[in-house]
Amino acid sequence: LQRAGEEAQSLMRAKDAFFAVMSHEMRTPLSAVLGMAENLLTMDLEPKQEECVEAILTHGGSLLSLVNDILDFSKMEADRFELDPAPFSLRECIEQAASAVQVKAEEKGLELVVRVGREIPRHCFGDARRLHRVLLNMLSNAI
């Protein structure tokens, strides 16, 4: 029984190390792509090109968030998970999540309409990245 417990602990450490290395290896090139896309926005682009670059930034940001979530999951299992609270625009968070699934909705013949009530505060304090991920998951599941 003790040997099985030690093996389980060893496997957990190996998994944690794997997640840490893989998330780093994925974040580095993805961050470079997002940086290049941001540079493109400083250039004189046609409206359609600018729209494509903004889509790259939105969806690339969602992918980066997913990679970070994988690392967060590993941290949760090791009881090392921490929230990252900061001021953010709730409306912007909602609109970005909706924008990320807009094409998927259209492909299925659905119209995605976002209406944020006046009673919803413009600015909030919390972990915007994780809220965005939750909203994105809910919208994706609904579509």
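Colleague: What volume does the largest pocket have?
Modeller: This is a predicted model: local features need pLDDT of at least 70, side-chain atom pairs count only at pLDDT 80 or more, and totals for chains, interfaces and linings use all residues. Residues are numbered from 1 along each chain as its sequence is written, and side-chain values use heavy atoms, without hydrogens and water. A pocket is an open set of points on a 1 Å grid over the protein atoms alone, where a 1.4 Å probe fits, with protein on both sides within 12 Å along at least five of seven lines. Probe spheres set on the points, joined across faces, edges and corners, fill its volume: about 440 Å³.

Colleague: Which residues lie nearest its centre?
Modeller: The lining of the largest pocket (residues with an atom within 4 Å of a point) has 17 residues. Nearest the centre are Leu57, Thr58, Gly61, Gln96 and His132.

Colleague: How much space lies in the second largest pocket?
Modeller: Its lining includes Lys48, Glu51, Thr58 and Ser99. The space is about 200 Å³.

Colleague: Which element gives the largest share of the lining of the second largest pocket?
Modeller: H2 and H3 each give two or more residues. The largest share is seven residues, and the element is H2.

How values were computed:
Helices (H or I, at least four residues) and strands (E, at least two) are DSSP runs, numbered from the N terminus.
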